[in-house]
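The report below is an introduction for a reader who is new to this entry. Please look over the sequence and the structure before reading on.

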Amino acid sequence: MTVKIFDTPNVQDFIKTVAGFDQTGGNDRAKKIVHRLVGDLFKLIDDFDVTEEEYWAAVNLLNALGSQTQFGLLSPGLGFDHFLDMRQDAIDAEAKRVGGTPRTIEGPLYVAGAPEAEGFARMDDEETEGETMWLTGQVRDVDGTPIAGAKVEIWHANDKGGYSFFDPSQSEYNLRRTIYTDSKGYYTARSIIPSGYGVPEGAPTDVVLKSLGRHGERPAHIHYFVSAPGHQHLTTQINLAGDPYTFDDFAFATREELVIPAERIDDATEINKRDLDGPFSHVVFDVELSPTDALDLQARHARPRAKENEQDLASQLAGTAKV
Ligand SMILES: [Fe+2]
């Protein structure tokens with residue numbers, strides 16, 4: 001088929017009408033974005049001779065994604081989350097905000113309001129199966145100065161790849177804690193080694209990835225928000241070394257500097273020192289925060305998150321959150 005109608009005045013005028021250009025109401029930015037989006041998709045349909053069958057199959061897939069709240073999975077799978085990180089990195093570089101631990105994607109599974117602790121927290125509810133993990137590190141300035149009282153929020157999956165709140169079989173806030181660093185900038189958590197996880201087999205996101213010849217697996221990883229007054233808020237995660245998907249993450253969250261080994265320790269002195277009952281895996285992740293005076297850079301950006309409301313963010317922005 002060689003029919004190409006995109007560049008005709010008729011179609012060009014039609015896209016403007018669709019985007020509300022001839023209407024006085026509405027939002028100018030929305031109009032411009034929809035004009036570009038619809039125009040690009042019309043052109044795609046023209047260029048690829050998209051059939052009616054293909055078009056309606058795509059609509060059906062979008063409905064399935066929405067009804068199963070899977071856009072939050074498809075988004076990292078298609079690289080949008082990582083692309084936004086790449087843009088933030090470029091914005092930082094342009095503003096000469098360099099140094100510090102690299103950011104990487106937040107993912108859709110943070111839950112606000114986890115229990116808080118000073119210096120040390122146990123993250124598992126003691127009923128959770130899995131290999132004991134001793135997770136620790138120091139939060140520092142880019143000059144190497146320890147930051148006392150930094151807020152370290154940590155969340156990760158259990159050994160079956162499930163997150164509390166989203167996985168109803170787990171207790172409230174299991175494997176989620178907020179730890180404020182001690183006077184030397186250290187945080188320490190006792191928890192269990194998480195498992196990686198995959199997009200559910202046959203789910204709409206899986207259908208999209210399979211059509212691209214891709215898998216939907218993530219390596220074992222641990223999420224972090226780290227913040228302190230006078231420093232840029234950091235959203236990041238570590239991927240445990242040695243997982244088959246460490247460097248093949250469907251969500252593109254892996255960064256070389258964020259791959260951390262879990263070292264197996266079975267020395268009795270080390271076990272006793274931590275008051276543990278057997279061998280454990282030692283994971284050390286030090287964090288460096290870059291300095292900034294800008295309050296809006298000191299708090300995480302707004303987005304819909306479980307149990308988080310506008311007031312929480314407002315208090316962060318005002319610097320009134322506990323430090
Ligand atoms: Fe995750």
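Which residues does Ala-189 touch, not counting residues up to four places away in sequence? This is a predicted model, in which local features need pLDDT of at least 70, side-chain atom pairs count only at pLDDT 80 or more, and totals for chains, interfaces and linings use all residues. Residues are numbered from 1 along each chain as its sequence is written. With contact taken as C-beta atoms, placed from the backbone, within 7 Å, Ala-189 touches Ala-121, Met-123, Leu-135, Ile-154, Arg-177 and Ile-179.

Ala-189 also belongs to the largest nonpolar core, a group of 36 residues, where Ala-189, Met-133, Val-139, Val-152, Ile-154, Val-226 and Leu-289 touch the most other members. Such a core is a set of buried Ala, Val, Leu, Ile, Met, Phe, Trp, Tyr and Cys residues joined through C-beta atoms within 7 Å, and buried means that 20 or more other C-beta atoms lie within 10 Å of a residue's own, these atoms being placed from the backbone.

| Strand | Residues |
|---|---|
| β3 | 132–141 |
| β4 | 151–156 |
| β6 | 186–192 |
| β9 | 221–227 |
| β10 | 234–240 |

Of the contributing elements, β3 gives the most, with four residues. A second, separate core of eight residues includes Leu-73, Ile-105, Val-199 and Ala-251.

Strands pair if DSSP finds at least two bridges between them, and β9 and β10 pair in the antiparallel sense over six bridges. Val-226 has Leu-234, in β10, as its bridge partner.

Conventions
Buried ≥ 20, exposed ≤ 12 C-beta atoms within 10 Å, placed from the backbone. Helix = DSSP H or I, 4+ residues; strand = E, 2+ residues; numbered from the N terminus. Contact = placed C-beta atoms within 7 Å.
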